[in-house]
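Subject: A predicted structure to look through

Dear colleague,

Could you open the structure below and keep it in view while you read this email?

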Amino acid sequence: MAFERRISLITLGVEDIAEATAFYERLGWKKSSASQESVSFFGLNGIALGLFGRKALAEDAGLKDVPDDRPSFSGVTLAYNVGSESEVDEALAFAESCGARIVKPAEEVFWGGYSGYFADPDGHLWEVAFNPFSPLDENGHMILPD
């Protein structure tokens, strides 16, 4: 067996599902009717994002001793790639107006692109990037060389 090259769902553990849901709705994302009080789902152009209680998510994964304090960096970032440097600046400003905290303002980066980072209300890091070496297709998906 081999895994197909895809991710179906990314679930973020959050402290307050209603607050987190409201933040992503302010970004302009529509909550799915499959959502319930204990979980919110958003369809994202071929992938889904879920918001689930942080402790409940850890318990579901079989983790028993999850500390209340969260590390400042989880080792994971999510990326939102756009088609130009100006779109990076616009997206970061919009995210901030929706309640995000800018962690790193946009700048030219060592790999030749332009990016910045924001944190959602639970501290999940999102990179907003323009990568001139990986164009986006008509659906906004990155095109990587084979």
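What follows is a description of some helices, strands, single residues and a pocket.

Please keep in mind that this is a predicted model, in which local features need pLDDT of at least 70 and side-chain atom pairs count only at pLDDT 80 or more, while totals for chains, interfaces and linings use all residues. Residues are numbered from 1 along each chain as its sequence is written, and side-chain values use heavy atoms, with hydrogens and water left out.

Let me begin with helix H1, which covers residues 17–26; helices (H or I, at least four residues) and strands (E, at least two) are DSSP runs, numbered from the N terminus. The buried residues of H1 are Ile-17, Ala-20, Thr-21, Phe-23 and Tyr-24, where buried means under 20% relative accessible area, exposed means over 50%, and partly exposed lies in between (1.4 Å probe, protein chains only). Seen down the axis of H1, these buried residues fall within an arc of 160°, so they line one face of the helix; the arc is that of the directions from the helix axis to the C-beta atoms.

At its start, a side-chain oxygen of Asp-16 reaches to within 3.1 Å of the backbone nitrogen of Ala-18, and just after H1, Gly-28 takes a positive phi of about 105°.

In the loop between S2 and S3 lies Asn-45, which has a positive phi of about 55° although it is not a glycine, and which counts as partly exposed at 47% relative accessibility.

Next comes strand S6, in which six of six residues are buried. Tyr-114, Gly-116 and Phe-118 point one way from S6, whereas Ser-115, Tyr-117 and Ala-119 point the other way. In a regular strand the side chains alternate between the two faces of the sheet. Strand S5 (residues 101–108) runs antiparallel to S6 and is joined to it by five bridges, and S6 is likewise antiparallel to S7, with six bridges between them; two strands pair if DSSP finds at least two bridges between them. Tyr-114 is the bridge partner of Glu-108 and, on the S7 side, of Phe-130. S5 and S6 form a hairpin with five residues between them, where Gly-112 in the turn has a positive phi of about 100°.

Trp-111 has its place in the loop between S5 and S6 and counts as partly exposed at 29% relative accessibility. Leaving out residues up to four places away in sequence, Trp-111 touches Glu-127, Ala-129, Phe-130, Asn-131 and Phe-133. Val-82, found in strand S4, is buried, with a relative accessible area of 9%, and its contacts beyond four places in sequence include Ala-129 and Phe-130.

Finally, about 990 Å³ of space lies in the largest pocket. A pocket is found on a 1 Å grid over the protein atoms alone, as an open set of points where a 1.4 Å probe fits, with protein on both sides within 12 Å along at least five of seven lines, and lining residues have an atom within 4 Å of a point. Grid points are joined across faces, edges and corners, and the volume is the space filled by probe spheres set on the points. The largest pocket is lined by 22 residues, of which Leu-44, Ile-47, Ala-79, Gly-140 and His-141 lie nearest its centre, and the largest share of the lining, four residues, comes from S4.

With best wishes

Definitions and conventions: A polar contact is a pair of N or O atoms within 3.5 Å; within protein, one must be able to donate a hydrogen and the other to accept it, and residues adjacent in sequence count only if both atoms are side-chain atoms. Contact means heavy atoms within 4.5 Å.
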